[in-house]
Amino acid sequence: MGMERGKRVAIIGASGKLGQYMVRHALERGYEVVGVCRERSVPKLAAFEGRMTVVPGPTNDPDVIRRAVAGCDGVLTVLVPWGVRQYASGTARAVLDHAPPDARLVFSCGWHITRDGEDTYSRTFRAGVRIAAVLGKLVRAVEIDDQVEACRRVFASDTRWTVVRGSSLEEGESQGLPVWSRHVGDPVLASNLTRRVDFALFMVEALTDDALVREAPAIVGCRTPSALGHAA
């Protein structure tokens with residue numbers, strides 16, 4: 001089932017950098033956009049005023065999500081590992097519980113999430129994730145394990161989901177649709193860099209790509225050395 005212009009798409013976490021890029025890509029495709037973000041972040045969406053509906057509130061609040069996803073053909077969800085109150089897993093649960101049964105659900109997370117244990121990570125990468133997890137807990141700002149739990153819920157669900165696993169991100173002009181692999185450790189991903197605007201592009205494109213249903217693609221920028229080397 002492809003999605004045509006005029007379809008309704010909810011973007012959960014719309015005010016963040018990734019979320020704002022997704023809003024822009026979705027509007028460019030002619031979708032009707034409903035964005036969810038915390039009350040204090042609503043001003044960040046001022047550029048889209050009059051072009052989208054904003055539902056303010058915590059993204060892990062089931063009532064907020066229920067209102068936002070009603071009648072949506074697609075739901076794009078940023079699984080942020082913020083806070084220490086199961087924010088990401090609460091958000092995932094609310095989306096899985098309340099999105100229409102046939103809606104296309106696309107979630108974003110990091111490369112550290114593995115679906116089948118077949119991913120291979122460099123020592124540096126693993127150390128970085130461990131340090132981020134420990135420091136995050138110390139300052140009560142980040143909960144890496146909760147993103148793992150959120151994705152476990154998604155993988156176990158019988159919805160039409162895709163979990164897009166992002167590499168390190170950078171700002172900059174779009175380079176085009178990122179390339180993907182099922183497993184981190186694939187040489188095509190070695191550059192570990194994607195433009196944030198293109199991560200958002202991949203998320204929005206996934207709504208209409210049935211080949212990505214129940215896949216957990218790990219992505220990398222299409223102009224990075226590893227992607228170009230692979231193409232050659």
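View 1

Residues are numbered from 1 along each chain as its sequence is written, and side-chain values use heavy atoms, with hydrogens and water left out. This is a predicted model, in which local features need pLDDT of at least 70 and side-chain atom pairs count only at pLDDT 80 or more, whereas totals for chains, interfaces and linings use all residues.

**View 2. Surroundings of Met22.** When its neighbours within four places in sequence are left aside, Met22 is in contact (heavy atoms within 4.5 Å) with Ile11, Leu76, Val78, Ala200, Met203 and Val204. Met22 is also among the residues of H1 that meet H6.

**View 3. Packing of helix H1 against helix H6.** Helix H1 (residues 17-28) and helix H6 (residues 196-206) pack with their axes 8 Å apart and at an angle of about 55°, the axes being lines fitted to C-alpha atoms, for helices over the stretch in contact, and the angles running from 0 to 180 degrees between N-to-C directions. H1 and H6 are therefore oblique to each other, given that angles under 35 degrees count as roughly parallel, over 145 as roughly antiparallel, 65 to 115 as roughly perpendicular and the rest as oblique. The crossing in which H1 passes H6 is right-handed; a crossing is right-handed if the near helix is turned clockwise from the far one by less than a right angle, and left-handed if anticlockwise. From H1, the residues Lys17, Leu18, Tyr21, Met22, His25 and Ala26 meet Arg196, Val197, Phe199, Ala200, Leu201, Met203 and Val204 in H6. The residues of this contact of H1 with H6 divide into 10 nonpolar, one polar and two charged, where Ala, Val, Leu, Ile, Met, Phe, Trp, Tyr, Cys and Pro count as nonpolar, Asp, Glu, Lys and Arg as charged, and the others, Gly among them, as polar.

View 4. Arg196 has its place in helix H6 and is buried, with a relative accessible area of 18%. Not counting residues up to four places away in sequence, Arg196 touches Lys17, Leu18, Tyr21, Leu169, Glu170 and Glu171. Glu205, which also lies in helix H6, is partly exposed, with a relative accessible area of 29%. With residues up to four places away again not counted, Glu205 touches Arg29 and Leu177, while Glu205 and Gln175, 30 residues apart in sequence, are 15 Å apart in space, C-alpha to C-alpha.

**View 5. Packing of helix H2 against helix H3.** Helix H2 (residues 62-69) and helix H3 (residues 87-98) have axes that come within 9 Å and cross at roughly 45°. H2 and H3 are therefore oblique to each other. Pro62, Ile65, Arg66 and Val69 in H2 meet Ala94, Val95 and His98 in H3, and by class the contact of H2 with H3 has five nonpolar, one polar and one charged residues. The crossing of H2 and H3 is right-handed.

**View 6. Two loop residues with positive phi.** Most residues other than glycine have a negative phi. Asn192, in the loop between strand S8 (179-181) and strand S9 (193-195), has a positive phi near 50° and is partly exposed, with a relative accessible area of 22%. Arg214, in the loop between H6 and strand S10 (218-220), has a positive phi near 60° and is partly exposed, with a relative accessible area of 37%.

**View 7. Surroundings of Ala218.** Ala218 is found in strand S10 and is buried, with a relative accessible area of 0%. Leaving aside neighbours within four places in sequence, Ala218 is in contact with Trp111, Arg165, Val179, Trp180, Ser181, Val184 and Leu189. Ala218 and Asp146 are 72 residues apart in sequence and 19 Å apart in space, C-alpha to C-alpha.

Technical notes. Helix = DSSP H or I, 4+ residues; strand = E, 2+ residues; numbered from the N terminus. Buried < 20%, exposed > 50% of the residue type's maximum accessible area, 1.4 Å probe, protein only.
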